[in-house]
Amino acid sequence: MEKNNLIITLKVRRIFFCLILIIVLLVLLNLIGGMLVRNPIFLHKFHLDHEQNIPTYFSSLILLFSAGLLGIIAALERKKKKANSSYWAWLAFIFLFFSLDETAVLHEEMIIPLREALCATGIFYFTWVIPGIIFILFFGILFLRFFLQLPRETKFLFKISAILYIGGALGCDLFGGWFSFSFGEKNLIYFVITTIEETLEMTGVAVFIYALLRYLCVNFKEVTFLIRDTE
């Protein structure tokens, strides 16, 4: 029987530059909508801080892509019988959750109930940051040994990715929460804060995807998928 093999070549740098180009385009459209056009429909479609729009779906998609790459690495590491395969698998589940959260806005849903329960103000006005800090500390300690055992290049790229993503998601929301509590959200400065936040988050994920693709490229060279309907 003739075998029809489909070979898909992924060029790591090209994928990374395409992601960065899309991020730059989304940021520009966000700035145009927020500062020049002033059209509510256009603004909603491209506002980086709004939900259920093009930037949100893009963020969810790249997080889902990250989860898929992590799942592939976990499966390959498990095939090699490496002890770190479970860490890759857990990262895949975490990024899958991040992807779902991006579209389902799960962490935003807890802000008001937590704010009322804790009477939060200032930097904790966006109260999701409290469980967010606990989450980062817990998994940071849990994954520290795994992180230290990574190859030098992967470790460096993961570090840059984490600084960008956590700096945007947590750092900007701490400052943004204080600003929102003190001065409100309907002003140019808050618009700039949210733009920086979302830009850092998307760029951090893009760097993470680059790190994962580089890891696959260096450690596995070629990955083959076999599709069949029998054992």
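Modeller: A salt bridge is a side-chain nitrogen of Lys or Arg within 4 Å of a carboxyl oxygen of Asp or Glu. The model discussed here is predicted.

Biologist: Which helices are linked by the pair Arg214 and Glu153?

Modeller: Arg214 forms a salt bridge with Glu153, and this pair links distant parts of the chain, 61 residues apart. Arg214 counts as partly exposed because its relative accessibility is 24%, and Glu153 is partly exposed as well, with a relative accessible area of 34%.

Biologist: Are helices α9 and α10 roughly parallel or roughly antiparallel?

Modeller: The axes of helix α9, residues 152-183, and of α10 come within 8 Å and cross at roughly 165°. Because angles over 145 degrees count as roughly antiparallel, this crossing makes α9, relative to α10, roughly antiparallel.

Biologist: Is the crossing of α3 and α10 left-handed or right-handed?

Modeller: Helix α3, residues 54-79, packs with α10 at an angle of about 25°, the axes being 10 Å apart, which means that α3 is roughly parallel to α10. The contact involves residues including Phe58, Phe65 and Glu77 of α3 and Met202, Phe208 and Tyr215 of α10. As for its handedness, the crossing of α3 and α10 is left-handed.

Biologist: Which side chain of opposite charge is nearest to Glu198?

Modeller: Glu198 is found in helix α10, which covers residues 188-219. Leaving out residues up to four places away in sequence, Glu198 touches Leu48 and Asp49. Although Glu198 is buried, it has no salt bridge, and at a distance of 14 Å the nearest side chain of opposite charge is Arg115.

Biologist: How far apart in space are Phe191 and Asn30, C-alpha to C-alpha?

Modeller: Phe191 is found in helix α10 and is buried, because its relative accessible area is 9%. Neighbours within four places in sequence aside, Phe191 is in contact with Asn30, Leu31, Gly34, Met35 and His47. In sequence Phe191 and Asn30 are 161 residues apart, while in space their C-alpha to C-alpha distance is 9.7 Å.

Biologist: What share of the contacts in the protein with a separation of 6 or more comes from residues 24 or more positions apart?

Modeller: The protein has ten helices and zero strands, and its C-alpha trace spans about 65 × 40 × 35 Å along the principal axes. Of its 231 residues, buried ones make up 40%. Among contacts with a separation of 6 or more, the share from residues 24 or more positions apart is 70%.

Technical notes: Residues are numbered from 1 along each chain as its sequence is written. This is a predicted model: local features need pLDDT of at least 70, side-chain atom pairs count only at pLDDT 80 or more; totals for chains, interfaces and linings use all residues. Side-chain values use heavy atoms; hydrogens and water are left out. Helices (H or I, at least four residues) and strands (E, at least two) are DSSP runs, numbered from the N terminus. Buried means under 20% relative accessible area, exposed over 50%, partly exposed in between (1.4 Å probe, protein chains only). Lys and Arg count as positive and Asp and Glu as negative; His and the chain ends are not counted. Contact means heavy atoms within 4.5 Å. Axes are lines fitted to C-alpha atoms, for helices over the stretch in contact, and angles run from 0 to 180 degrees between N-to-C directions. Angles under 35 degrees count as roughly parallel, over 145 as roughly antiparallel, 65 to 115 as roughly perpendicular and the rest as oblique. A crossing is left-handed if the near helix is turned anticlockwise from the far one by less than a right angle, and right-handed if clockwise.
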